[in-house]
Amino acid sequence: MNFSSAFTQKMALISLMLGIIFAQTTTAEERNRELETPHAGISAAWGLLACGESYKLTWFEGTPNRVVGKTYEELLTSLDSKPDGTEHGVTLGCNLNVNHMGYLLQAHQAFEAILLTADTLSQKHLNHAKWGFQESFNFLAEARLLKGNNSLVKGLRNRFKADDDPSTKSQIELLTEAKGIFKQGLLEATPSLMGFSSVLRPVGNEGSALPFLVNNTQGPTTPNEFQRYTELLNRYGMVASSNAKFMFFKNNVKDVDNPPYRNFPGPEDLDLNHDRIQNEVGRTEAAKLAKESASHLYLQSIALASLQSEDHFQDNNGYQIKRQVNDIDRLYQDIQSGFNPLLLAGDFVPYQRVENFLNIAADRIKEATEAEQSAKSALRTYEVDQTTLASELRSQTSQYVDQLAELTGISPDGYDVHTAQGRQTYKDEVFHSVTEEQAGTIGIEVLAYQQALLATSQVRTQITNTAEKIVIEQQRSGDLGKLFLKNGEELSLLQYANTMATCCNVSKGSSTGTSKGTSTGSSRGGSRGISVSGGLGSFSISKSWGKSWGTSKGTSNGQSWGTSEGSSRNPNIEKLAKGQSAMAFLQAIQQADVDAINSGALLKNMALELATLDVSLEASLKAEERQQAVVDNLFKKAERILANYAVAIADFDSAYYNDPAYRMEASRTEQAANDSFETAIELTYYAAKALEYQWSEKFNNPVLRLDGGLPEPLSVSYDPYVRAESVFSAEFAGSFSPNLGDFFDALKAWDLKMRQLRYPSQQIAKVRFSLKDDILGFGQFTPDIAEAKFRSFIEANRILGANPENRDVHFEFTLDIADESIFPAHPNIKVESINLNLVSTASRSVRGDNNMSPALVDLVMLDRSFVRTFFTEYPIKDDIFSYTLQKGRILEQSPFLATVEASIDGYASPEVVPNTQLSNHSPAVSTWMLRIKNNRYNNRKLQFQYLSDIEVELEYSFGKPKDIQFPIE
């Protein structure tokens with residue numbers, strides 16, 4: 001599997017990682033390096049490390065603070081400086097004449113020397129020495145990453161070297177510098193990794209005593225020296241790959257001997273590397289760099305992988321190393337295969353609508369695909385020769401072998417498939433392999449079929465168990481109902497007997513006395529009764545009520561004595577006993593009814609469960625049938641492949657269609673397909689570069705996010721296309737990936753993704769400025785002085801042209817976007833239209849006659865243009881892209897020339913029309929040329945001695961480009 005990444009992707013990865021790697025990584029508030037038992041060597045090594053790491057510290061009132069970190073630039077400046085023994089008045093004892101990096105290297109070497117005497121150390125001293133070795137390793141690797149990344153980032157971003165500033169470095173110089181720094185870091189770290197791998201940690205747990213904590217792919221923050229080394233190796237791979245790619249894509253050109261020939265290098269020739277030799281040295285150097293870098297990276301990655309487990313290697317970002325190796329290997333193969341990005345010497349800038357490039361590229365891709373298909377058809381039809389046929393058959397047999405091995409787990413090699421007996425032997429082995437050992441794709445499906453059988457058996461068992469549950473529940477419900485009735489009858493009888501036993505009372509006594517009196521009274525009474533009757537499942541209650549009343553009056557007197565004996569009996573006792581007995585029986589009946597209801601509901605639920613299980617059984621049987629069909633089809637497929645394999649390896653010694661006429665026809669179709677393919681590659685590349693120009697950003701897959709989040713890939717189908725130059729790795733027009741059709745679709749997907757992830761949307765604005773005041777800088781003077789200086793400037797820049805009576809005006813100026821003095825700090829600012837107005841002095845008009853026609857003014861873009869990208873964070877972190885503009889042999893042939901109609905004092909007849917010749921180009925250009933040719937009819941009588949100012953009204957767009965109409969397939 002190949003992994004590739006474009007320059008911008010690596011820049012994004014670097015930007016994302018810088019905050020992690022070079023932020024303050026110390027988590028312990030205070031680290032105790034004091035030894036309980038003194039050891040001079042360990043104490044001295046800790047002192048060296050303290051001097052080296054002091055470049056990271058910030059100081060407050062003489063005290064180092066480990067929580068507040070320095071800025072990136074402060075760290076770089078401090079790292080290269082020498083500690084003079086004190087920091088803000090605090091003595092550190094740093095008396096050696098080396099910088100902080102030197103102290104870090106000496107500290108690591110000191111701890112390494114102590115570990116070599118481990119047999120003489122106590123356990124506590126040994127632990128301290130290991131800790132110091134780990135810390136010094138981390139500090140040293142971090143410092144190399146800090147410096148190397150600085151050069152790497154600048155090398156990837158700084159695309160041009162200032163010719164007037166010898167102190168600036170070119171892109172290739174910065175990349176070479178970064179490569180040297182990372183290489184030096186690896187030379188320092190590799191012996192430690194190989195010799196003390198048991199001391200260094202591939203993984204660890206977070207703790208307050210561990211100062212270096214990193215994030216691996218698993219997410220936790222852990223102490224991990226192997227991850228540090230992996231990152232150092234990964235950055236070496238990045239810069240080595242970028243260095244080789246720069247040589248390939250920027251210098252991958254041939255010198256050109258233009259007519260007249262055989263005088264190279266003449267003034268008309270193109271000697272791109274200025275070596276006065278007609279060659280393509282960029283390709284040779286790029287191949288050499290790629291081969292060397294891939295070898296180094298591969299060998300060191302082997303050592304890194306051998307010292308860790310496979311899981312630790314992956315967790316510690318080892319997969320990135322493999323990706324770098326594959327990326328450089330692919331680049332080397334591209335170089336050796338002769339891919340050449342169009343021999344472009346400068347930046348590609350489109351001079352027409354991007355839709356024109358897209359339409360013609362789509363047409364050529366379609367034609368190339370058709371030509372490719374015709375060539376394949378001709379090749380199959382005519383069979384160029386026996387060698388071609390044999391090669392095709394060998395390829396087929398290899399495919400059949402691979403397919404059979406994948407299906408059955410057994411390769412047909414070694415079996416005599418020419419004979420029926422040999423094929424049957426192979427089939428018997430296959431059947432045993434797939435059914436007993438579950439080998440190959442068929443074995444996996446056989447296992448799935450067995451699982452389907454088990455699922456069906458499980459459903460059937462559930463159905464049987466549920467039916468048994470129903471029978472058990474019915475039996476239980478009947479038995480329980482009978483028990484309730486039997487017990488209810490017994491309880492009713494016992495209750496009746498118990499109540500009747502309380503019916504009667506017996507009493508004895510004697511009395512003597514006299515009585516006299518009168519009595520008057522009344523009486524009132526009533527009666528109430530309840531009767532209950534019922535049986536199993538039903539019962540009834542009846543009630544009765546009655547009242548009586550009356551009065552009596554009389555007198556009596558006399559005397560009485562005697563004894564008495566008697567008994568009393570409750571006259572309603574039988575009724576009470578019957579009522580109590582009926583209630584006891586009623587409760588038993590009610591309990592039996594409730595249980596019957598519950599049992600009925602349970603039986604219904606079980607019936608529903610049976611219905612559900614019946615459906616599940618049907619589904620399980622269908623799944624079983626389906627899986628059996630899958631297995632049967634795979635066996636049949638293996639049969640067919642085996643038969644095809646037997647045919648393919650048969651003897652085809654006598655090739656057919658050996659007529660030379662057939663071979664000639666096939667060769668012609670192949671040549672036509674190759675020509676169409678090469679043309680389509682070139683036009684598709686132009687389309688990709690034109691699309692990049694619209695966005696002011698390089699095509700990159702995955703697409704970088706403005707918020708710093710993880711880049712978003714386009715699609716799995718577009719993984720082979722990571723940059724615009726990936727088009728040269730296409731092998732087909734439309735048959736197999738990577739092909740031009742998929743690359744073109746990737747451009748569509750990239751445009752769509754960019755419209756989702758970039759903002760703001762396109763907006764139109766206007767700016768009106770004065771060349772005199774805002775561009776030439778005369779606005780700082782009083783109006784009179786400014787006007788005089790401008791007239792002097794115009795006079796000094798007049799040259800003799802085709803009209804000897806009125807000299808031409810010819811001068812240069814610069815439009816800048818470094819600040820917001822003219823244009824706001826918006827991304828992707830592009831010209832929409834330009835208007836000019838010539839302003840006369842107060843005393844006289846620029847017009848020399850009654851000609852009211854607009855003046856004709858030439859505006860030409862030269863040298864370089866600049867555009868602010870969507871990643872700008874103005875003014876903290878600006879991001880400006882630059883293009884080199886192509887020149888014509890003469891000024892009139894420049895593709896960036898616009899002849900603008902200029903009004904004079906705001907008036908012209910006919911009315912001026914805004915000029916759109918330079919639309920879609922950035923207005924920020926290092927050199928604008930303004931030219932007024934006075935041999936033209938509209939300009940012949942202009943009087944420039946009365947020109948007070950030239951006003952420019954520029955309409956521009958910013959943000960996303962307008963919607964691009966891709967061709968409809």
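The model is predicted, and the points below describe it as computed from its atoms.

**Helix 5 and asparagine 138**

- Asparagine 138 is found in helix 5, made up of residues 123-157, and its relative accessibility of 1% places asparagine 138 among the buried residues, since buried means under 20%.
- From this buried position, the side chain of asparagine 138 reaches the backbone oxygen of glutamine 134 at 2.9 Å.

**Helix 13**

- Helix 13 runs over residues 420-436, and its 17 residues should span 24 Å at 1.5 Å a residue, which agrees with the 24 Å that separates its end C-alpha atoms.
- The buried residues of helix 13 are Gly422, Tyr426, Val430, Ser433, Val434 and Thr435.
- An α-helix has 3.6 residues a turn, so residues three or four places apart point the same way.
- After helix 13 comes glutamine 438, a residue whose phi is positive, near 50°.

**Aromatic pairs**

- When the centres of two rings must lie within 6.5 Å for them to pair, the count comes to 19 aromatic pairs.
- One of these aromatic pairs is formed by phenylalanine 811 and phenylalanine 813, a tilted pair with 6.3 Å from centre to centre and 45° between the planes.
- Phenylalanine 811 counts as buried at 2% relative accessibility, and phenylalanine 813 counts as buried at 8% relative accessibility.
- Tyrosine 956 and phenylalanine 958 have ring centres 6.3 Å apart and planes at 40°, so this pair is tilted, and both tyrosine 956 and phenylalanine 958 are buried.
- Ring pairs also link Trp695, Phe699, Tyr721, Phe743, Trp750 and Phe870 into a cluster.

Methods:
Residues are numbered from 1 along each chain as its sequence is written. This is a predicted model: local features need pLDDT of at least 70, side-chain atom pairs count only at pLDDT 80 or more; totals for chains, interfaces and linings use all residues. Side-chain values use heavy atoms; hydrogens and water are left out. Helices (H or I, at least four residues) and strands (E, at least two) are DSSP runs, numbered from the N terminus. The expected span of a helix is 1.5 Å times one less than its number of residues. Buried means under 20% relative accessible area, exposed over 50%, partly exposed in between (1.4 Å probe, protein chains only). A polar contact is a pair of N or O atoms within 3.5 Å; within protein, one must be able to donate a hydrogen and the other to accept it, and residues adjacent in sequence count only if both atoms are side-chain atoms. Rings of Phe, Tyr and Trp (its six-membered ring) pair if their centres lie within 6.5 Å; planes under 30 degrees apart count as stacked, over 60 as edge-to-face and the rest as tilted.
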